[in-house]
Amino acid sequence: MKILGIETSCDDTCASVISADKDKIKILSNIVSSQTKIHQKYGGVFPTLARREHEKNLVPVLTRALKEAKLLKENKIKISKQEIKTISNILKKGKHLPIEKFFKKYQKPNIDAIALTIGPGLEPCLWTGINFVKALSFFWKIPIIKVNHIEAHILVNFPSFKNFLPSVCLIVSGGHTQIILMKDIGNYKVLGETRDDAAGECFDKTARILGLEYPGGPAISKKAEKAKKGEISLPRPMIYQKNYDFSFSGLKTAVLYNAKENKVKSEEYVREMCREIQQSIIDVLIFKTMKAARNCKAKSIIIGGGVTANKELKKQFKLKAKEENIPLFCPEKNYCTDNATMIAVAGYLRKKQIKWNKVEAKANLRI
Ligand code: KG4
Ligand code: ZN
C-alpha cells in the first residue's frame with residue numbers, strides 16, 4: 001500500500017510518500033521545508049509565524065512529494081460549490097493555503113491512506129497540518145491515520161528492530177527527552193524523562209548564551225569538532241541518580257555563570273565550552289539509556305529525534321553498545337530530525353484508519 005505522511009508539529013513542513021508491503025518499506029519521497037532561517041532571529045520557534053509558514057509551504061511541499069513519488073498527474077478537475085464550501089469550512093483561518101487551485105489542477109493520487117501528526121507539538125502548527133489533511137481526505141476520499149510524533153521517531157527504524165524486542169528507546173529532540181521501553185509496536189512504557197529542559201533545548205539555549213545561531217545543536221557540534229581538551233568542567237546532571245529521569249536546566253545555568261565570568265569569549269573558549277556541553281549531554285544520555293537497557297534486559301536500543309543527528313553522540317553510542325554487545329538502531333541523519341517518512345511508517349504500522357471529521361490536535365499527547 002502507498003501512504004502519504006504529513007508532519008507540521010514544529011517548524012518543519014514535511015511530506016513523504018512510502019510504499020509498504022509486510023516488512024518492506026520503500027521511501028518514494030521525503031520532502032522537508034525548514035523554517036530555520038525565519039526563526040533564527042528569535043533564537044527559537046515562534047508559533048504563529050511557524051503556522052503561517054506551514055500554510056504557505058504545505059501545497060508546494062505536497063506537490064514535490066507527489067511528483068518525486070511519480071504520483072502527480074495533471075488533469076482538469078471540477079469542484080462543486082458544496083465541496084468548496086466544505087473545504088473552506090475545514091480550513092477555517094488557513095487563508096494562505098492555495099488548496100483549491102491545487103485540487104483543480106491535479107487528479108487524485110494513487111494513495112491508500114494519509115498519516116498525520118496529531119501531537120505532541122505546537123498547537124497552531126499541528127492544526128495547520130490537520131486541517132490541510134482533512135481537506136485532502138475529504139476531497140480525495142482517502143482515510144486518515146493519526147500518528148504520535150514521538151512514536152514515529154521510534155518506528156521510523158522499522159523493520160530493523162522487529163526481532164529485537166523489547167527495546168529501550170531514547171528520544172531526544174527540541175521538545176522531548178524520554179527513555180521508553182517498547183515491548184511491542186503500540187506497547188510502550190515511559191521509564192524516565194526530563195524534569196525541565198529537553199536535551200535539544202539545552203543545546204539551543206546554551207548556543208544562544210555563547211552567541212551561536214539557532215538551532216544550537218548543529219552549531220555547538222561544529223565548534224566542538226575544532227576544540228582541544230581544555231580546563232572547562234560542567235556537571236553531568238542526575239547521572240548517578242536511581243531513576244531514568246534527566247534535568248538539563250542546571251547545565252544551562254552552569255554555562256551561563258561560566259560565560260559571565262569569561263567576559264572575553266575567545267574562539268578557543270567557545271570551542272572548548274561547546275565540546276564540554278556536548279560531552280556532558282552525551283555522557284548523561286548514554287549512561288542512563290545503557291542502564292535502562294541492562295535493567296530491562298532489552299534486546300536492542302533505539303535512538304531517535306533531532307539530537308541523535310549529532311555525530312559524536314552516535315559514535316559514542318555505537319561504541320558503548322558494541323562494548324555491551326547490544327544492537328543499536330538509529331536512523332540516517334535526515335530521518336533523525338523531523339520528517340514525514342517517519343509519520344508515514346508509523347501510520348502504516350498503527351493501521352487504524354478514520355474519517356476526516358474525526359481528527360483533533362493533541363498538543364500534549366503522551367506515548
Ligand atoms: O526532532 P527535532 O528535529 O524537532 C523536534 O521535534 O523538536 O529536533 C530538533 C532539535 C533542536 O533542539 C536541535 O538543536 C537538535 O534537535 N539538533 C541537534 C543536532 N541537529 C539538531 N542537536 C545536537 N547535534 C546536532 N547535530
Ligand atoms: Zn521530532
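Let's start with helix α13, which spans residues 341-350 and is mostly covered, with nine of its ten residues buried. Those buried residues are T341, M342, I343, A344, V345, A346, G347, Y348 and L349. Just past the end of α13, K351 adopts a positive phi of about 65 degrees. Keep in mind as you look around that this is a predicted model.

Now turn to the sheet. Five strands make up an open sheet with mixed pairing, in the order β3-β2-β1-β4-β5. The edge positions belong to β3 (24-34) and β5 (144-148), and each has a single partner strand, so one side of each is left without a neighbour in the sheet. From one strand to the next, the twist averages 20 degrees. Strand β2 (residues 12-21) runs antiparallel to β3, and ten bridges join the two. To see one pairing, find A15, whose bridge partner in β3 is I31. Helix α5 (residues 123-140) lies across β1 (2-7), β4 (113-119) and β5, and runs at about 160 degrees to β4.

Next come the nonpolar cores. The largest one has 46 residues, of which I281 and F317 touch the most other members. The elements giving two or more residues to this core are β6 (167-172), β7 (177-184), α7 (199-209), α8 (216-225), α9 (249-261), α10 (267-295), β9 (300-304) and α11 (311-323). Helix α10 gives the most, with 13 residues. If you set aside neighbours within four places in sequence, I281 is in contact with A199, C202, F203, F248 and L251. Apart from this core lies another, of 41 residues, including L58, I130, L136 and W140.

Definitions and conventions
Residues are numbered from 1 along each chain as its sequence is written. Chains are lettered from A and ligands numbered from 1 in the order in which they are written. This is a predicted model: local features need pLDDT of at least 70, side-chain atom pairs count only at pLDDT 80 or more; totals for chains, interfaces and linings use all residues. Side-chain values use heavy atoms; hydrogens and water are left out. Two strands pair if DSSP finds at least two bridges between them. Helices (H or I, at least four residues) and strands (E, at least two) are DSSP runs, numbered from the N terminus. Axes are lines fitted to C-alpha atoms, for helices over the stretch in contact, and angles run from 0 to 180 degrees between N-to-C directions. Contact means heavy atoms within 4.5 Å. Buried means under 20% relative accessible area, exposed over 50%, partly exposed in between (1.4 Å probe, protein chains only). A nonpolar core is a set of buried Ala, Val, Leu, Ile, Met, Phe, Trp, Tyr and Cys residues joined through side-chain atoms within 4.5 Å.
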